[in-house]
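Thanks for coming, everyone. Let me put the structure up and walk you through it.

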Amino acid sequence: MASGEEDGSVEEKQTNNKKRTKGTIATAWLTFYNIAMTAGWLVLAVSMVCFYLQKGSHKGLYKHIARTLKCFQTFALLEIGHCAIGIVRTSVIVTGVQVCSRIFMVWFITNSIRQIQNEGSVILFLVVWTVTEITRYSFYTFNLIHHLPYFIKWARYNMFIVMYPLGVVGELLTIQAALPYVRRSGMFSLRLPNKYNVSFDYYYFLIIVMLSYIPLFPQLFFHMLRQRRRVLHGEVIVEKDE
Ligand SMILES: CCCCCCCCCCCCC/C=C/C(=O)SCCNC(=O)CCNC(=O)[C@H](O)C(C)(C)COP(=O)(O)OP(=O)(O)OC[C@H]1O[C@@H](n2cnc3c(N)ncnc32)[C@H](O)[C@@H]1OP(=O)(O)O
């Protein structure tokens, strides 16, 4: 009996040690990841400001920053993995929708359709994403090292109230601007007859994507409002103590 109890406590200690090691590795990785992402979005912000100051126009701005944007926005796919393996306490679905809609905007809309890259709506969502991501990743970084300035916490959980709708407006106007080019070129579409006997019309797919903002955006926005109440009104302290 006594030896069984001892065995149990040894096992418990080993499990606790494993958890601690996993926790330390996860924290180190997340700290590195968040610092890298903050730096990436800061580079984007500086490039955009410098470009605008030099040229006095937003024309050509997307092309100027495209490589950095694609790189850092694509890296954000790792966030779905973070949720899936449980190193961050966030829903895979919420994160998945957020990240995939961004990847879609970058790769399958803005990057693929040169004619829309100088639209004002592209600059709108780029500026909104940049401000949001600098705030979000610096929030996670300072939170992980337990030195979170209140203004960053405040900005993380208040700015989205304005930034989220503005970002959505920028994205929807950009997709709308893409529609005529997509219809004319037939890009990413598959017409019958073909050897797979399947047809796909990217034009109508984009209309469905635009309509999907109606049910999906409120869910993301209300999720953030709940997070805001939890963090800014102290409920998070109760959860962390549990
Ligand atoms: C095929 C194509 C399909 C397309 C479909 C289209 C439909 C699209 C509809 C939706 C449209 C959206 C458009 C988006 C536009 C914009 O982005 S506009 C810019 C404004 N945007 C925002 O403000 C973004 C707000 N969203 C987010 O912050 C996230 O994406 C989120 C997933 C919604 C965040 O939620 P969540 O992670 O749950 O909240 P947090 O409070 O930040 O975190 C919860 C806990 O998790 C910890 N954590 C999360 N990430 C990290 C990390 N990287 N590192 C460390 N820790 C992390 C965080 O600290 C919290 O921990 P606890 O405090 O311990 O709980």
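**Ligand, salt bridges and a loop**

Let me begin with Arg191, which is partly exposed because its relative accessible area is 48%. The cut-offs: buried means under 20% relative accessible area, exposed over 50%, and partly exposed in between, with a 1.4 Å probe and protein chains only. Before I go on, this is a predicted model: local features need pLDDT of at least 70, side-chain atom pairs count only at pLDDT 80 or more, and totals for chains, interfaces and linings use all residues. Residues are numbered from 1 along each chain as its sequence is written, and side-chain values use heavy atoms, with hydrogens and water left out.

Back to Arg191. What is its salt-bridge partner? Asp201, with the closest N and O atoms 3.5 Å apart. A salt bridge here is a side-chain nitrogen of Lys or Arg within 4 Å of a carboxyl oxygen of Asp or Glu. Both residues sit in the loop between α7 and α8, 10 residues apart. Helices are DSSP runs of H or I, at least four residues, and strands are runs of E, at least two, numbered from the N terminus. Asp201 is partly exposed, at 26%.

α7 covers 160–185 and α8 covers 202–232, and Pro193 is found between them. A cis peptide bond joins Leu192 and Pro193, with omega about -5°. Most peptide bonds are trans, and most residues other than glycine have a negative phi. Phe188 has a positive phi of about 50°. Asn197 has one too, about 60°. Both are in this loop. Phe188 is partly exposed at 41%. Asn197 is exposed at 61%.

Phe188 also belongs to a nonpolar surface patch, with Trp107, Phe108, Leu190, Tyr196, Val198, Phe200 and Phe205. Together they have about 740 Å² of accessible area. Patch residues have over 30% relative accessible area and no salt bridge; like charges are joined within 9 Å, nonpolar side chains (Val, Leu, Ile, Met, Phe, Trp, Tyr) within 5 Å. Areas come from the Shrake-Rupley method with a 1.4 Å probe; for residues, only the protein chains shown count as cover. Phe108 sits in helix α4.

How many salt bridges are there in the whole structure? The search finds 4. Arg136 pairs with Glu79, at 3.1 Å between the closest N and O atoms. Arg136 is in α5 and Glu79 in α3 (residues 78–84), so the pair ties together parts 57 residues apart in sequence. Both residues are buried. Arg102 pairs with Glu133 at 3.2 Å. That pair links α4 to α5, 31 residues apart. Arg102 is buried at 5%, and Glu133 is buried at 3%.

Now the ligand. Which residues come nearest? Tyr140, Arg156, Tyr157, His223 and Gln227, of the 35 around it. A residue is near if one of its heavy atoms lies within 4 Å. A side-chain N or O atom of Asn34 is 2.8 Å from a ligand nitrogen. The protein covers 90% of the 1,400 Å² of accessible area that the ligand has on its own. α8 gives the most to the shell, with 8 residues.

Note on methods. Polar contact = N/O pair within 3.5 Å; in protein donor to acceptor, adjacent residues only side chain to side chain.
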